[in-house]
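Have the structure open while you read.

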Amino acid sequence: MTTTTASPRGRTAPETPLREERKGREGDAPRADSGLSPPAAAQAGSEGAAGAGTADAPRRPRLAIMGEFSAGKSTLCNLLLGTAPLPVRVTATQLPPVWLSHGRDAPWRETRDGEQLPLDPARLEEVSLEETALIRMFLDADILHLCDLIDMPGISDPNMSPEVWQGVLEKADAVLWCTHATQAWRQSEAAVWAEVPERVRARSLLLITRCDKLLSERDRARVLQRVRHEAGALFEEIFPISLTRAIEAEYDRQQWIASGAEAFSQHLLDLLQRLAAGEAAAERSTAPETPRVRPIRVRPARVRPATARPPRPSGPPAGCPPAALNPA
Ligand SMILES: Nc1nc2c(ncn2[C@@H]2O[C@H](COP(=O)(O)OP(=O)(O)OP(=O)(O)O)[C@@H](O)[C@H]2O)c(=O)[nH]1
Ligand SMILES: [Mg+2]
């Protein structure tokens, strides 16, 4: 992970990602590395704090990762990030929403009272659920050039009041919903999904995770058919995937494709470009000057330990999966 260790001072900020929609104007935004503490940078609308682009670009699309506990939400986030800053466990992690943006600022958490306090990323799981509404983290990850990722708590977590994730969801542009293959698309999931605004639902993706747990092709086909029947109309697209096999695949193209990651990541890239174009169009309708949308290319990403990330090679070796996400 590439966050810095500078500690922000605790303070109360009137404008935060959680409580106030960012207007998407970057002309007044200082750079994320401007030396402001993270809360101050957030108030000023820095790149890292608000998922914004450069001074002439609209803010980045925001993807919320949702689903039942242990559905693979954090595993998916780590796969997309190509590193592993988020804890992945068999049992529920019971973390508040974790909002990840591009940048190098130190992480912080926002209390339910709106106070922003410094946070030790190595002690993420010690964060008090009762007191904390949101965690903000900043990474120098390729995917975060294209979008912000928000790793949400499990929808049925009894310790997490729905208001917490509902407040964050209001800020999202689309959702990547993870559902366990072995118990896919339960009533509890459908009930929560019905509460999500149509604006978000229409461009969201459903991932049937843990497909490696379905042992026969026949079982996989059956589950996919049922989920398509029950939820096909509720999502833009549905993808069966094994997240663990996608992570293990690294540059093994055949395993990457077989895991389902290829089809999903190609669609995700397309979705992000459409979301970015939509943001740009919204900007054009209100701003006098036309903002630019960053062009993106496809290049592989791999999951590496958060603490020991080697330098990215200048180019992928022959035969690597051209599927994961990387900006130009
Ligand atoms: N076999 C298999 N295991 C998976 C897959 N995706 C995730 N897991 C495992 O499922 C467990 C839970 O994964 P997490 O990513 O922590 O799930 P989560 O949805 O973030 O869980 P909470 O944050 O607790 O709600 C971990 O042991 C993962 O390794 C998958 O595709 N296949
Ligand atoms: Mg998790």
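## A strand covered on both sides

Strand β7 (residues 148–151) has cover on both faces: Asp-148 and Ile-150 on one side, and Leu-149 and Asp-151 on the other, are all buried. Buried here means that 20 or more other C-beta atoms lie within 10 Å of a residue's own; 12 or fewer makes it exposed, anything in between partly exposed, and C-beta atoms are placed from the backbone. In a regular strand, side chains alternate between the two faces of the sheet. Helices (H or I, at least four residues) and strands (E, at least two) are DSSP runs, numbered from the N terminus.

A word on ground rules: this is a predicted model, in which local features need pLDDT of at least 70, side-chain atom pairs count only at pLDDT 80 or more, and totals for chains, interfaces and linings use all residues. Residues are numbered from 1 along each chain as its sequence is written, while chains are lettered from A and ligands numbered from 1 in the order in which they are written.

| Partner of β7 | Sense | Bridges | Bridge pair |
|---|---|---|---|
| β2 (residues 62–67) | parallel | four | Ile-65 with Asp-151 |

## The core

Ile-65 turns up again in the largest nonpolar core, which has 71 residues; Ala-64, Ile-65, Leu-207 and Ile-208 touch the most other members. Such a core is a set of buried Ala, Val, Leu, Ile, Met, Phe, Trp, Tyr and Cys residues joined through C-beta atoms within 7 Å. Leaving out residues up to four places away in sequence, Ala-64 touches Ile-150 of β7, along with Met-152, Val-168, Leu-169, Ala-172 and Val-175. Contact means C-beta atoms, placed from the backbone, within 7 Å.

Just after α3, Gly-82 takes a positive phi of about 75 degrees.

What surrounds ligand 1? There are 21 residues around it, and the closest are Phe-69, Gly-72, Ser-74, Thr-75 and Gly-154. To count as near, a residue needs its C-beta atom, placed from the backbone, within 6 Å of the molecule.

Leu-243 sits in α8 and counts as buried because it has 28 C-beta neighbours inside 10 Å. Beyond four places in sequence, Leu-243 is in contact with Gly-72, Thr-75, Leu-76, Leu-79 and Thr-209.

## The whole chain, and where to be careful

Overall, the chain has ten helices and twelve strands, and 45% of its 328 residues count as buried. Of the contacts between residues at least 6 apart in sequence, 75% join residues at least 24 apart.

The average pLDDT (the predictor's confidence in each residue, from 0 to 100) is 75 for the chain, and 67% of the residues score at least 70. Over residues 1–54 the pLDDT is below 50, and this stretch has 137 contacts in the model beyond near neighbours in sequence. Residues 290–300 also stay under 50, with 37 contacts beyond four places in sequence.

Notes
Contact = placed C-beta atoms within 7 Å. Pairing = 2+ DSSP bridges.
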